[in-house]
Amino acid sequence: MKRIFLTILLLQALTALTAQQPSSSTINEQIARVEASLSGGLVVDGKPFTLAERMKHYNVAGVSIAVIDNYQVVWAKGYGYADKKEKRKVTTNTLFEPGSISKSLNAVGVLRLAQEGKLDLYQDINQYLINWKFPYDTVSHGKKITTAQLLSHSAGLGVHGFPGYHRDSALPSVMDMLDGRAPSNTGAVRSVAEPGKEFRYSGGGTLITQQMLTDLTQQRYEQYMEEQVFRPLGMTNSSYQQPPAGSQLKQLATGYKRNGDEVRGKYFVYPEKAAAGLWTTPTDLCKYMMEIQQAYQGKSSKVLNQEMVKLHVTPYKNDVALGTFIQNRNGALYFDHTASNEGFTGVFIAGLTNGKGAVVFMNADDGSLMFELINSIALVYNWEGFPKPEQISTVPVHDTITAKYIGDYITDGIFSRVTKEIDGLYYWIEGINSKMHFTSATDFRNIEFGSAKTFVFDSIGMVTGFERRANGRLVAPAQRVNSIDTLNPKPGQWGVYGRHLLETKNYHKAMVFLSKGVAMEPGDSSLVKDLAHTYLFKGDFSRAMELYRQYVQSGSTALTDQLKKDFDYFRNKGFDAAVIKKARTELSH
């Protein structure tokens, strides 16, 4: 009788479990919809993009995705290549290096110490630092920094992020990095504002928590995180070991730059483990996200109890919690973090109470695609607070009209440009070249930008600029550039725009903007360098040599190295290799 009763209970449990699990056909249909519904928030003529189209558009080598629905991972999938040369494809076990997402897991490790009574989140951090002490100065106005402030980027510290190290470079110790001492490639972590006064993102502050954790536990950082965080969460495919273990090499994705070039050495090493050193997979990261969702509601406590989890996902300063960022989407709350290491980008986002979430990792420097993917997932799985993409219809506009729009513009101190390409007009600003979709003869939209734009004319029909509307409200308009003499761009814009003109081989105009920049910003040596490049490729070799020598006259090794990198870049981009070689030879004498 007892056996029959147990059998009935088992059948009931299996029936309930089966009812909660989507069928494979349903999952496959959902995956297909996600892959075919990318839009960037705007669907043109009823045709959203496919994932394959956007990977090609953004030059993304590989993508790895995991999706949570009803507090469980419903699917995970890899796309493209983990390593293009090796023809090694992305799988769900491919390890990525998702940069600042490291900070979220690090916060869990630190909060566990607080839960165990080993540190007080609101006391002076120097109480818990043994082998290194934070050197307070007058900038802090006598106020002490707390661990809660470090985790919420409100400690008023500098060192925003870390560039990483080549695999063959000498690696600094944590204390080297904290004090900005060689071989560290970043400055000392010091106060730049009064603690607690404002949000100021600081990877340097997270690095302090790494030192604090090792001082308090007397363990290697990666060992503590493995034993106290990853293992209880079941994250068997995650590690903070830097550089990664040799046994993992065939699992590692190779990083790629925006132009598709492989990162030197395939990936960079980040001894700033707490801030940027995590290697993991989307599926593994989902285990952390699902545990936070359950613990937030008091239904689990594998690592942190409900009280500590609420600190982890409740805003402490603005929309920043202790290790995560919080989005309030019309009452629907989500916790998230984005990431960017050399050749890698990533994002995770999860609802606090709706059982939904997703992780997207890419081995690419341009992270635009991952946000389009999140929007597609939100659409397919009906995430609260995520608006459906806007639908627009385009109209043909005759070349005689669009020809009037081609030219240079300045918007709120930032240079932009309208150019004609094979498939229509494109709008370039801040490194993004976006196709213009005309909804009337004067109105256009861009997939990459939210604002609606309308060209404006003077009394004789000449284009003077364009208006911009965001959410129906007028924002800073764009003014057409007819003369550079009266312009007042933001600092650095002469160089940014001049470099863009140089790289697109618009040499005459590049010379005008860079020359103006040299006059207006004489302290920016990169303007001299790029002006020299412009003369070189325009055919004035002697003037180029004068400017190159002016650029390197300080004898700085960094300037010489940058010049070499530029020559390599232009050669790889198909610029005149013979004249580059001639310039290199001349400069070596």
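Of the contacts in the protein chain with a separation of 6 or more, 62% join residues 24 or more positions apart. The model is a predicted one, and its protein chain has 589 residues, of which 52% are buried. The secondary structure comprises 19 helices and 18 strands.

**Overall dimensions and surface**

A compact globule with 589 residues would have a radius of gyration near 25 Å, and the 27 Å of the protein chain agrees with this. Taken along the principal axes, the C-alpha atoms fill a box of roughly 95 × 60 × 50 Å. The chain exposes about 26,400 Å², and carbon and sulfur atoms supply 52% of that area. Its side chains include 65 positive and 57 negative ones, and the centres of these two sets lie 3 Å apart.

The partner of strand 5 considered here is strand 6 (residues 332-341), and the two are joined in the antiparallel sense over five bridges. Within this pairing, asparagine 328 has leucine 333 of strand 6 as its bridge partner, while glutamine 327 stands opposite tyrosine 334 in strand 6. Strand 5 and strand 6 form a hairpin with two residues between the strands, and asparagine 330 takes a positive phi near 55° in this hairpin. In a regular strand, side chains alternate between the two faces of the sheet.

Inside the order given, strand 15 (residues 443-445) pairs with strand 16 (residues 452-457) in the antiparallel sense over two bridges. Phenylalanine 444 has lysine 453 in strand 16 as its bridge partner.

| Strand pair | Bridges | Sense |
|---|---|---|
| Strand 5 and strand 6 (residues 332-341) | five bridges | antiparallel |
| Strand 15 (residues 443-445) and strand 16 (residues 452-457) | two bridges | antiparallel |

**Two buried helix residues**

Leucine 105 belongs to helix 4 (residues 102-115). Because its relative accessibility is 0%, leucine 105 counts as buried; the cut-off for a buried residue is under 20%. Leaving aside residues up to four places away in sequence, leucine 105 touches Met225, Val229, Phe230, Met235, Tyr240, Leu278, Leu285 and Tyr288.

Threonine 209 is placed in helix 7 (residues 203-217). Threonine 209 likewise counts as buried, because its relative accessibility is 0%. With residues up to four places away in sequence left out, threonine 209 touches Asn106, Val110, Leu150, Leu151 and Ala274. Among these partners, Asn106 and Val110 fall within the range of helix 4, residues 102-115.

Conventions: Residues are numbered from 1 along each chain as its sequence is written. This is a predicted model: local features need pLDDT of at least 70, side-chain atom pairs count only at pLDDT 80 or more; totals for chains, interfaces and linings use all residues. Side-chain values use heavy atoms; hydrogens and water are left out. Two strands pair if DSSP finds at least two bridges between them. Helices (H or I, at least four residues) and strands (E, at least two) are DSSP runs, numbered from the N terminus. Buried means under 20% relative accessible area, exposed over 50%, partly exposed in between (1.4 Å probe, protein chains only). Contact means heavy atoms within 4.5 Å. The radius of gyration is taken over C-alpha atoms; the globule rule is 2.2 Å times the number of residues to the power 0.38. Accessible areas come from the Shrake-Rupley method with a 1.4 Å probe; for residues, only the protein chains shown count as cover. Lys and Arg count as positive and Asp and Glu as negative; His and the chain ends are not counted. The place of a charge is taken as NZ of Lys, CZ of Arg, CG of Asp or CD of Glu.
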